[in-house]
Amino acid sequence: MRPLLHLCWLLAVLAPPAWAQEWAGTVKSVRGDVVVERAGKPLPLAVGDRVFPRDKLVTGKDSRVGVTLRDDTLISTGANSQLVVAEFAFDPATQNGNVLLSVLRGVSAMVSGLVAKSSPDAMRVTTPTATAGIRGTEFIVEVEGGE
Amino acid sequence: MANRILALLGCAALLAGCAGPRERIVLLPDKDGKVGAIEVRTATGTAELKEAYAVARVEGDKLAAEKTDAAAVAQRYGGVLDGLPARPLRHTLHFEFGSDRLTAASRAQVPGIQADLRQFPAPEVVVIGHTDAVGDAAINDRLSLERANRVRDILVEAGIPRDQIQTAGRGFREPLFPAKAGTPEPRNRRVEIKLR
(Lines give C-alpha, C1' and ligand atoms only; values in the text may rest on other atoms or scores of the structure.)
Protein backbone atom coordinates (compact mmCIF):
# COMPACT_ATOMS: atom_id res chain seq x y z
CA MET A 1 0.00 0.00 0.00
CA ARG A 2 2.66 2.47 1.02
CA PRO A 3 4.92 2.01 -2.01
CA LEU A 4 1.83 2.40 -4.19
CA LEU A 5 0.95 5.65 -2.45
CA HIS A 6 4.49 6.90 -2.96
CA LEU A 7 4.31 5.97 -6.62
CA CYS A 8 1.07 7.93 -6.98
CA TRP A 9 2.68 10.99 -5.44
CA LEU A 10 5.71 10.63 -7.66
CA LEU A 11 3.56 10.38 -10.79
CA ALA A 12 1.50 13.39 -9.73
CA VAL A 13 4.68 15.43 -9.26
CA LEU A 14 6.47 14.24 -12.40
CA ALA A 15 3.59 14.17 -14.89
CA PRO A 16 3.44 17.52 -16.66
CA PRO A 17 0.05 19.21 -16.33
CA ALA A 18 -1.99 19.05 -19.53
CA TRP A 19 -1.54 22.77 -20.22
CA ALA A 20 2.25 22.49 -20.20
CA GLN A 21 2.00 21.31 -23.80
CA GLU A 22 -0.35 24.03 -25.01
CA TRP A 23 0.94 27.38 -23.78
CA ALA A 24 -0.37 30.22 -25.88
CA GLY A 25 2.20 32.97 -25.48
CA THR A 26 4.84 34.84 -23.50
CA VAL A 27 4.57 38.05 -21.50
CA LYS A 28 6.91 40.66 -23.04
CA SER A 29 6.13 43.74 -20.98
CA VAL A 30 4.36 44.61 -17.75
CA ARG A 31 3.67 48.06 -16.40
CA GLY A 32 1.87 48.73 -13.13
CA ASP A 33 -0.72 46.41 -11.74
CA VAL A 34 -1.23 43.30 -13.91
CA VAL A 35 -2.61 39.92 -12.83
CA VAL A 36 -3.69 36.79 -14.61
CA GLU A 37 -6.81 34.99 -13.44
CA ARG A 38 -6.13 31.30 -13.94
CA ALA A 39 -8.66 28.71 -12.80
CA GLY A 40 -10.42 31.47 -10.84
CA LYS A 41 -7.31 32.57 -8.91
CA PRO A 42 -5.50 35.89 -9.46
CA LEU A 43 -1.72 35.49 -9.89
CA PRO A 44 0.84 38.26 -10.40
CA LEU A 45 2.22 38.38 -13.93
CA ALA A 46 5.86 39.18 -14.87
CA VAL A 47 7.92 39.47 -18.06
CA GLY A 48 8.82 35.99 -19.29
CA ASP A 49 5.75 34.28 -17.80
CA ARG A 50 3.77 32.06 -20.09
CA VAL A 51 0.11 32.63 -20.92
CA PHE A 52 -2.27 29.70 -21.34
CA PRO A 53 -5.65 29.18 -22.99
CA ARG A 54 -8.48 30.40 -20.71
CA ASP A 55 -6.22 32.88 -18.91
CA LYS A 56 -7.80 36.25 -18.16
CA LEU A 57 -5.39 39.21 -18.13
CA VAL A 58 -6.54 42.01 -15.81
CA THR A 59 -4.87 45.42 -15.67
CA GLY A 60 -5.35 48.26 -13.16
CA LYS A 61 -5.08 52.02 -13.38
CA ASP A 62 -2.10 53.33 -15.41
CA SER A 63 -1.13 49.72 -16.18
CA ARG A 64 -0.62 47.65 -19.31
CA VAL A 65 0.69 44.28 -20.47
CA GLY A 66 2.26 43.10 -23.74
CA VAL A 67 2.07 39.46 -24.89
CA THR A 68 3.41 37.66 -27.98
CA LEU A 69 1.48 34.49 -28.87
CA ARG A 70 3.18 31.40 -30.36
CA ASP A 71 1.86 32.20 -33.86
CA ASP A 72 3.39 35.74 -33.66
CA THR A 73 0.12 37.47 -32.77
CA LEU A 74 1.03 40.59 -30.76
CA ILE A 75 -1.25 41.92 -28.01
CA SER A 76 -1.10 45.08 -25.89
CA THR A 77 -3.78 45.42 -23.23
CA GLY A 78 -4.21 48.92 -21.80
CA ALA A 79 -5.29 50.27 -18.41
CA ASN A 80 -8.39 49.08 -16.51
CA SER A 81 -8.86 46.29 -19.03
CA GLN A 82 -9.70 42.61 -19.16
CA LEU A 83 -8.71 40.25 -21.97
CA VAL A 84 -9.32 36.49 -22.09
CA VAL A 85 -7.17 34.22 -24.24
CA ALA A 86 -10.26 32.04 -24.71
CA GLU A 87 -8.85 29.53 -27.22
CA PHE A 88 -5.42 29.02 -28.71
CA ALA A 89 -4.10 26.24 -30.91
CA PHE A 90 -1.18 26.41 -33.33
CA ASP A 91 0.68 23.73 -35.25
CA PRO A 92 4.14 25.08 -36.14
CA ALA A 93 4.57 22.55 -38.98
CA THR A 94 1.37 23.40 -40.89
CA GLN A 95 0.90 26.87 -39.32
CA ASN A 96 -2.82 26.10 -38.97
CA GLY A 97 -4.60 26.85 -35.75
CA ASN A 98 -7.32 28.70 -33.90
CA VAL A 99 -7.17 31.95 -31.93
CA LEU A 100 -10.12 33.31 -29.96
CA LEU A 101 -9.57 36.40 -27.80
CA SER A 102 -12.30 38.11 -25.73
CA VAL A 103 -12.07 41.79 -24.84
CA LEU A 104 -14.35 42.04 -21.80
CA ARG A 105 -13.54 45.63 -20.91
CA GLY A 106 -11.09 48.40 -21.66
CA VAL A 107 -8.83 48.46 -24.70
CA SER A 108 -6.47 46.07 -26.47
CA ALA A 109 -4.35 46.65 -29.58
CA MET A 110 -3.40 43.62 -31.65
CA VAL A 111 -1.35 42.57 -34.66
CA SER A 112 -2.53 39.24 -36.06
CA GLY A 113 -0.04 36.43 -36.72
CA LEU A 114 0.23 33.20 -38.70
CA VAL A 115 -3.12 31.71 -37.63
CA ALA A 116 -5.07 34.63 -39.14
CA LYS A 117 -3.23 33.99 -42.43
CA SER A 118 -4.10 30.28 -42.46
CA SER A 119 -7.86 30.61 -43.04
CA PRO A 120 -10.45 33.41 -42.92
CA ASP A 121 -12.18 32.54 -39.64
CA ALA A 122 -9.23 31.03 -37.79
CA MET A 123 -8.76 34.18 -35.69
CA ARG A 124 -11.70 35.81 -33.95
CA VAL A 125 -11.96 38.54 -31.35
CA THR A 126 -15.16 38.90 -29.36
CA THR A 127 -16.59 41.72 -27.26
CA PRO A 128 -19.67 41.48 -25.03
CA THR A 129 -21.89 42.09 -28.09
CA ALA A 130 -19.81 41.57 -31.25
CA THR A 131 -17.63 38.96 -32.95
CA ALA A 132 -14.85 40.10 -35.29
CA GLY A 133 -13.37 37.72 -37.88
CA ILE A 134 -9.77 38.87 -38.35
CA ARG A 135 -8.32 38.60 -41.87
CA GLY A 136 -5.50 40.96 -40.83
CA THR A 137 -3.68 42.64 -39.40
CA GLU A 138 -3.38 45.60 -37.04
CA PHE A 139 -6.41 46.78 -35.05
CA ILE A 140 -7.84 48.05 -31.79
CA VAL A 141 -10.79 46.76 -29.80
CA GLU A 142 -12.33 48.96 -27.11
CA VAL A 143 -15.16 48.16 -24.70
CA GLU A 144 -16.40 51.04 -22.55
CA GLY A 145 -18.49 50.22 -19.52
CA GLY A 146 -18.09 46.46 -19.85
CA GLU A 147 -17.81 43.70 -17.26
CA MET B 1 -37.66 73.08 -12.42
CA ALA B 2 -33.90 72.98 -12.94
CA ASN B 3 -33.74 70.10 -10.49
CA ARG B 4 -36.36 68.23 -12.46
CA ILE B 5 -34.41 68.69 -15.70
CA LEU B 6 -31.25 67.45 -13.98
CA ALA B 7 -33.15 64.44 -12.70
CA LEU B 8 -34.43 63.73 -16.22
CA LEU B 9 -30.91 64.04 -17.62
CA GLY B 10 -29.71 61.66 -14.93
CA CYS B 11 -32.37 59.13 -15.93
CA ALA B 12 -31.40 59.47 -19.58
CA ALA B 13 -27.76 58.86 -18.70
CA LEU B 14 -28.76 55.83 -16.63
CA LEU B 15 -30.86 54.47 -19.48
CA ALA B 16 -27.98 54.96 -21.90
CA GLY B 17 -25.82 53.06 -19.42
CA CYS B 18 -28.36 50.28 -19.28
CA ALA B 19 -28.26 49.97 -23.05
CA GLY B 20 -25.02 48.02 -22.54
CA PRO B 21 -21.35 48.63 -23.27
CA ARG B 22 -20.14 50.88 -26.05
CA GLU B 23 -17.64 49.13 -28.27
CA ARG B 24 -15.31 50.19 -31.06
CA ILE B 25 -13.23 48.10 -33.40
CA VAL B 26 -10.71 50.13 -35.42
CA LEU B 27 -8.75 48.75 -38.39
CA LEU B 28 -5.28 50.29 -38.72
CA PRO B 29 -2.74 50.26 -41.55
CA ASP B 30 0.13 47.78 -41.01
CA LYS B 31 3.70 48.98 -40.44
CA ASP B 32 4.32 48.67 -44.21
CA GLY B 33 1.14 50.60 -45.11
CA LYS B 34 -0.94 47.57 -46.16
CA VAL B 35 -4.43 47.21 -44.70
CA GLY B 36 -6.06 43.95 -43.64
CA ALA B 37 -9.79 43.32 -43.23
CA ILE B 38 -12.14 42.59 -40.34
CA GLU B 39 -15.73 41.37 -40.44
CA VAL B 40 -17.75 42.48 -37.43
CA ARG B 41 -20.99 40.69 -36.57
CA THR B 42 -23.55 41.46 -33.88
CA ALA B 43 -27.02 40.01 -33.23
CA THR B 44 -28.47 42.69 -35.51
CA GLY B 45 -25.98 43.31 -38.29
CA THR B 46 -22.61 43.01 -40.01
CA ALA B 47 -19.91 45.55 -40.85
CA GLU B 48 -16.93 44.99 -43.14
CA LEU B 49 -13.82 46.98 -42.25
CA LYS B 50 -11.52 47.14 -45.27
CA GLU B 51 -9.90 50.57 -45.24
CA ALA B 52 -7.37 52.11 -42.90
CA TYR B 53 -9.06 53.80 -39.95
CA ALA B 54 -12.46 52.21 -40.63
CA VAL B 55 -14.39 51.83 -37.36
CA ALA B 56 -17.23 49.52 -36.36
CA ARG B 57 -19.10 51.11 -33.48
CA VAL B 58 -21.57 49.18 -31.37
CA GLU B 59 -23.90 51.00 -29.02
CA GLY B 60 -26.76 49.11 -27.46
CA ASP B 61 -28.10 46.99 -30.31
CA LYS B 62 -26.92 49.42 -33.01
CA LEU B 63 -23.91 48.67 -35.23
CA ALA B 64 -22.56 51.60 -37.26
CA ALA B 65 -19.63 51.94 -39.66
CA GLU B 66 -17.57 55.08 -39.13
CA LYS B 67 -14.19 56.52 -39.99
CA THR B 68 -11.43 57.93 -37.85
CA ASP B 69 -7.91 59.16 -38.67
CA ALA B 70 -4.28 58.78 -37.63
CA ALA B 71 -4.31 61.81 -35.33
CA ALA B 72 -7.41 60.71 -33.42
CA VAL B 73 -6.01 57.16 -33.09
CA ALA B 74 -2.67 58.46 -31.79
CA GLN B 75 -4.44 60.62 -29.24
CA ARG B 76 -6.90 58.03 -27.95
CA TYR B 77 -4.86 54.83 -28.38
CA GLY B 78 -1.20 55.99 -28.46
CA GLY B 79 -0.39 54.39 -25.12
CA VAL B 80 -1.83 50.97 -25.86
CA LEU B 81 -0.20 50.96 -29.32
CA ASP B 82 3.18 51.77 -27.75
CA GLY B 83 2.70 48.69 -25.56
CA LEU B 84 2.66 46.26 -28.51
CA PRO B 85 5.57 43.80 -28.30
CA ALA B 86 8.29 44.17 -30.94
CA ARG B 87 7.67 42.48 -34.29
CA PRO B 88 9.66 39.28 -34.89
CA LEU B 89 12.97 39.52 -36.78
CA ARG B 90 14.05 36.86 -39.28
CA HIS B 91 17.30 35.34 -40.53
CA THR B 92 17.79 32.54 -43.05
CA LEU B 93 20.66 30.05 -42.85
CA HIS B 94 21.82 27.60 -45.52
CA PHE B 95 23.69 24.31 -45.36
CA GLU B 96 26.59 23.23 -47.50
CA PHE B 97 25.28 20.96 -50.23
CA GLY B 98 24.32 17.53 -48.90
CA SER B 99 25.75 18.18 -45.45
CA ASP B 100 24.62 19.31 -42.02
CA ARG B 101 27.26 22.05 -41.92
CA LEU B 102 26.23 25.65 -42.35
CA THR B 103 27.77 27.56 -45.23
CA ALA B 104 30.52 29.99 -44.24
CA ALA B 105 28.19 32.93 -44.95
CA SER B 106 25.51 31.46 -42.69
CA ARG B 107 27.97 30.77 -39.88
CA ALA B 108 29.03 34.40 -40.10
CA GLN B 109 25.40 35.42 -39.39
CA VAL B 110 25.34 33.88 -35.91
CA PRO B 111 26.80 36.90 -34.03
CA GLY B 112 24.22 39.15 -35.72
CA ILE B 113 21.45 36.79 -34.57
CA GLN B 114 22.73 37.02 -31.00
CA ALA B 115 22.87 40.81 -31.22
CA ASP B 116 19.29 40.99 -32.57
CA LEU B 117 18.06 38.65 -29.86
CA ARG B 118 19.28 41.01 -27.14
CA GLN B 119 16.66 43.56 -28.24
CA PHE B 120 13.82 41.33 -27.05
CA PRO B 121 12.52 41.02 -23.50
CA ALA B 122 11.99 37.35 -22.55
CA PRO B 123 13.68 36.42 -25.86
CA GLU B 124 12.47 33.48 -27.92
CA VAL B 125 14.19 31.87 -30.89
CA VAL B 126 12.04 29.79 -33.24
CA VAL B 127 14.14 27.65 -35.59
CA ILE B 128 12.14 26.39 -38.58
CA GLY B 129 13.62 23.86 -40.99
CA HIS B 130 12.64 23.66 -44.68
CA THR B 131 13.41 21.11 -47.40
CA ASP B 132 13.00 20.82 -51.14
CA ALA B 133 10.32 18.54 -52.60
CA VAL B 134 12.43 15.43 -53.18
CA GLY B 135 10.91 12.49 -51.32
CA ASP B 136 7.56 12.19 -49.54
CA ALA B 137 6.04 14.55 -46.99
CA ALA B 138 6.85 12.45 -43.92
CA ILE B 139 10.55 12.13 -44.83
CA ASN B 140 10.80 15.87 -45.46
CA ASP B 141 8.99 16.73 -42.22
CA ARG B 142 11.56 14.66 -40.36
CA LEU B 143 14.51 16.02 -42.34
CA SER B 144 13.42 19.63 -41.82
CA LEU B 145 13.08 19.07 -38.07
CA GLU B 146 16.54 17.48 -37.99
CA ARG B 147 17.95 20.56 -39.74
CA ALA B 148 16.23 22.82 -37.24
CA ASN B 149 17.60 20.78 -34.34
CA ARG B 150 21.10 20.93 -35.84
CA VAL B 151 20.88 24.72 -35.99
CA ARG B 152 19.53 24.83 -32.44
CA ASP B 153 22.66 22.96 -31.31
CA ILE B 154 24.86 25.48 -33.17
CA LEU B 155 23.05 28.37 -31.48
CA VAL B 156 23.39 26.70 -28.08
CA GLU B 157 27.14 26.24 -28.69
CA ALA B 158 27.26 29.95 -29.55
CA GLY B 159 25.81 30.75 -26.13
CA ILE B 160 22.06 31.11 -26.62
CA PRO B 161 20.26 29.34 -23.73
CA ARG B 162 18.61 26.14 -24.92
CA ASP B 163 15.36 26.90 -23.11
CA GLN B 164 14.92 30.04 -25.24
CA ILE B 165 14.86 27.97 -28.44
CA GLN B 166 11.93 26.14 -30.04
CA THR B 167 12.28 24.07 -33.22
CA ALA B 168 9.82 23.12 -35.93
CA GLY B 169 9.99 21.33 -39.29
CA ARG B 170 7.89 22.75 -42.12
CA GLY B 171 8.97 20.07 -44.62
CA PHE B 172 8.45 21.27 -48.21
CA ARG B 173 5.32 23.35 -47.44
CA GLU B 174 7.01 26.72 -47.90
CA PRO B 175 9.46 26.73 -50.82
CA LEU B 176 11.30 29.99 -51.47
CA PHE B 177 11.77 28.96 -55.10
CA PRO B 178 8.93 27.00 -56.75
CA ALA B 179 10.10 23.63 -58.10
CA LYS B 180 8.37 20.49 -59.39
CA ALA B 181 7.93 17.68 -56.86
CA GLY B 182 10.93 15.38 -57.14
CA THR B 183 13.23 18.08 -58.57
CA PRO B 184 16.13 19.04 -56.32
CA GLU B 185 16.18 22.75 -55.43
CA PRO B 186 19.04 23.39 -52.99
CA ARG B 187 17.91 26.98 -52.36
CA ASN B 188 14.79 25.62 -50.63
CA ARG B 189 16.88 23.59 -48.17
CA ARG B 190 17.27 26.14 -45.45
CA VAL B 191 16.58 27.03 -41.86
CA GLU B 192 14.68 30.15 -40.91
CA ILE B 193 15.40 31.76 -37.55
CA LYS B 194 12.69 33.87 -36.06
CA LEU B 195 13.51 36.06 -33.07
CA ARG B 196 10.74 37.55 -30.94
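This is a predicted model: local features need pLDDT of at least 70, side-chain atom pairs count only at pLDDT 80 or more; totals for chains, interfaces and linings use all residues.
Biologist: Are the partners of the salt bridge between Lys34(B) and Asp32(B) buried or exposed?

Modeller: The closest N and O atoms of Lys34(B) and Asp32(B) are 4.0 Å apart. As for their surroundings, a residue is called exposed when its relative accessible area is over 50%, and Lys34(B) and Asp32(B) are both exposed.

Biologist: How many residues apart in sequence are the parts that Glu124(B) and Arg196(B) tie together?

Modeller: Glu124(B) and Arg196(B) form a salt bridge whose closest N and O atoms are 3.5 Å apart, and both residues are buried. Because Glu124(B) lies in the loop between helix H4 (110-117) and strand S7 (125-130) of chain B, while Arg196(B) lies in the segment after strand S9 (190-195) of chain B, the pair ties together parts whose separation in sequence is 72 residues.

Biologist: Which residues are joined into one network with Glu124(B) and Arg196(B) by salt bridges that share partners?

Modeller: Besides Glu124(B) and Arg196(B), the network takes in residues from chain A as well as chain B.

Biologist: Within what arc do the buried residues of H5(B) fall?

Modeller: Helix H5 (residues 137-157) of chain B has 21 residues and reaches 30 Å from its first C-alpha to its last, close to the 30 Å expected. Its buried residues include Asn140(B), Ser144(B), Arg147(B), Ala148(B) and Val151(B). An α-helix has 3.6 residues a turn, so residues three or four places apart point the same way. Seen down the axis of H5(B), the buried residues line one face of the helix, because they fall within an arc of 160°.

Biologist: Which exposed residues does the face of H5(B) turned away from its buried side carry?

Modeller: The buried residues of H5(B) pack against strand S6 (89-94), H4, S7, strand S8 (165-169) and S9 of chain B. On the face turned away from that buried side, the exposed residues are Ala138(B), Arg142(B) and Glu157(B).

Key
Residues are numbered from 1 along each chain as its sequence is written. Chains are lettered from A and ligands numbered from 1 in the order in which they are written. Side-chain values use heavy atoms; hydrogens and water are left out. A salt bridge is a side-chain nitrogen of Lys or Arg within 4 Å of a carboxyl oxygen of Asp or Glu. Buried means under 20% relative accessible area, exposed over 50%, partly exposed in between (1.4 Å probe, protein chains only). Helices (H or I, at least four residues) and strands (E, at least two) are DSSP runs, numbered from the N terminus. The expected span of a helix is 1.5 Å times one less than its number of residues. The arc is that of the directions from the helix axis to the C-beta atoms. Contact means heavy atoms within 4.5 Å.
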